[in-house]
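Here is a friendly briefing to read alongside the model. Please have the structure open as you go through the points.

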Amino acid sequence: MPEGAPDNPACEHCSKPKTVHVTEIKAGQKIEKHLCKDCPFVNEGVGAGAGGKSHQPINELLSNFVLAHSGAGASTAQKKCEVCGMTWAKFKQGGLLGCENDYSLFEEQLTPLLKRAHEGSTHHTGKVPTRRRGDGAVRKRPNMNRLRRELTRAVEAEDYEAAARLRDQIAETEGN
Amino acid sequence: MKLSDLTGKAGEWLRGSGPMSETVISSRIRLARNVKGYTFLTTASRKHRRELEGRIRETILDADLAPKTLYVDLDQATELDRELLVERHLISRHHAAAEGARGVAVGSEEDLSIMVNEEDHLRLQVLKSGLQLDEAWEQINDVDDALEEQLEFSFHPRFGYLTACPTNVGTGIRVSVMLHLPALKLLGEIEKVFRAAKDMKLAVRGLYGEGTEATGDFYQVSNQTTLGKDEQELISDFKHTTIPKIIDYEHQARRTLRSERATALDDIVFRALGVLRSARLMSSEEALKLLSHLRLGIHLGRVKDIEIQAVNELVLMTQPAHLQKLMDKKLEGDDRKAARAEFIRYKLKAV
Ligand SMILES: [Zn+2]
Ligand SMILES: [Zn+2]
């Protein structure tokens, strides 16, 4: 909220005048609670979960994972994008890439990071720009992940007709 | 349309109608896109940034994407106007605070907004009231197609739509649903939702997005994965699995409150109403919290003479920039709190 901490005289849970201060240690952090006596409502950790950074920021991913795993050898260190001047070191610092060329240039280094950020996926499935469809430049990529998930579901539901159809579709797609 | 036309009314998404609107405030879909032939904004020169902004602005205005589209040059706009746009969820806080050539196009219904030169060249957004994800997707997909006729977007055969940050690459989509979960909060079961969301790789944020406290029991649930799952599948997961599950938890909690804690429930609802109708100084945090309890009371039939929509509007109108726009003057400290309290008293007594 844009305004500073409120001088709120009420219980955090039910708005009755507060009379009790509780200090709780949660995940190594001291949390002060301001509650009314005999609050009729259960009290949980104040703001835990929602207020924090639940969207794992790219910088965190970079420092936790990529830095630990990618050796960033000499060849990586020397790579520099000729379009925008981006280097792997600069990317690690800012967390943002400089131009579309960087995705190809650093494909090898980005792959583990993308895997980590996107539940193991490294390939786009989904919308393809209209101008790319059917002009031979890029084939519309059928969604293999979805087909496979649907197949699993069909098998679980013992819907063998659907399963057979999906299996054919997957075979056909892979054959392409 | 002028920016000042926005102040006095609430946007489409605050109508308080739409499916599941007692729990779902709004549904939002955002797409990140970059124009081929320009570097990302991370490395763009001032000149290129300005050139890009002009080109995108013209394309948007020519494409006639929404009735009476308003374009705001954010580099020229006052801080208060930028804050107003943030409060209405039309631009991000990051976009408001940034520097250099950038802007936003807004349709008069305010369901469509297009941020120009945010973290990516374009951030398209459709915002609807209640649970309307399919409708939002249809609209944003059309807007994307229309823009793409004039602008070629950066696209990679393996990585999909390319974005400055690798966490958005692929579909570039962010689906967010704003939920009102007061009963779960009161019963101390909100953690259950956070845990479930985390398991499903979803983010939970406050009313105003990243880094903000979830105040007034309003929570935004959004996806974090943009690679390997297509748009329709993601939306379908939200619509058929994730959101119904959370709504179900909340409804169960509301039933429990009504059947087993009826007096305690009435106490907080009418206490909230009493304070809202009598306070002389009111912070925005306190207002949100009390409005949240009042909203719950209306849905459970405890308060009968106030409409949900009036509460939704108050949530927006009592935000700092809106309040100052409404009062037509700069207000700080106790003056602002007094104006807020007065506005709320006026609105809730009038009905
Ligand atoms: Zn209490
Ligand atoms: Zn580059």
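**Helix packing and a metal site**

H9(B) and H10(B) cross in a left-handed manner, where left-handed means that the near helix is turned anticlockwise from the far one by less than a right angle, and right-handed that it is turned clockwise. This is a predicted model, in which local features need pLDDT of at least 70, side-chain atom pairs count only at pLDDT 80 or more, and totals for chains, interfaces and linings use all residues. Residues are numbered from 1 along each chain as its sequence is written, chains are lettered from A and ligands numbered from 1 in the order in which they are written, and side-chain values use heavy atoms, leaving out hydrogens and water.

**H9 and H10 of chain B**

- The contact (heavy atoms within 4.5 Å) involves residues of H9(B) including B:Leu265, B:Ile268 and B:Val269, and residues of H10(B) including B:Glu286, B:His293 and B:Gly297.
- By class, this contact of H9(B) with H10(B) holds 11 nonpolar, 2 polar and 1 charged residues; Ala, Val, Leu, Ile, Met, Phe, Trp, Tyr, Cys and Pro count as nonpolar, Asp, Glu, Lys and Arg as charged, and the others, Gly among them, as polar.

**Zinc site in chain A**

- A:Cys81 (SG), A:Cys84 (SG), A:Cys99 (SG) and A:Asp102 (OD) coordinate the zinc ion (ligand 2) at 2.0 to 2.3 Å; donors are N, O and S atoms within 2.8 Å of the metal (3.2 Å for Na, K and Ca).
- Along the chain, the donors of the zinc ion (ligand 2) have the spacing C-x2-C-x14-C-x2-D.
- A:Cys84 sits in the loop between helix H2 (74-78) and helix H3 (88-94) of chain A and A:Asp102 in helix H4 (residues 101-105) of chain A, so the pair ties together parts that are 18 residues apart in sequence; helices are DSSP runs (H or I, at least four residues) numbered from the N terminus.

**H3 and H12 of chain B**

- H3(B) passes H12(B) in a left-handed crossing.
- Among the residues making this contact are B:Leu80 and B:Glu87 of H3(B), with B:Pro320 and B:Lys325 of H12(B).
- The contact of H3(B) with H12(B) divides into 4 nonpolar, 2 polar and 4 charged residues.

Conventions. Helix = DSSP H or I, 4+ residues; strand = E, 2+ residues; numbered from the N terminus.
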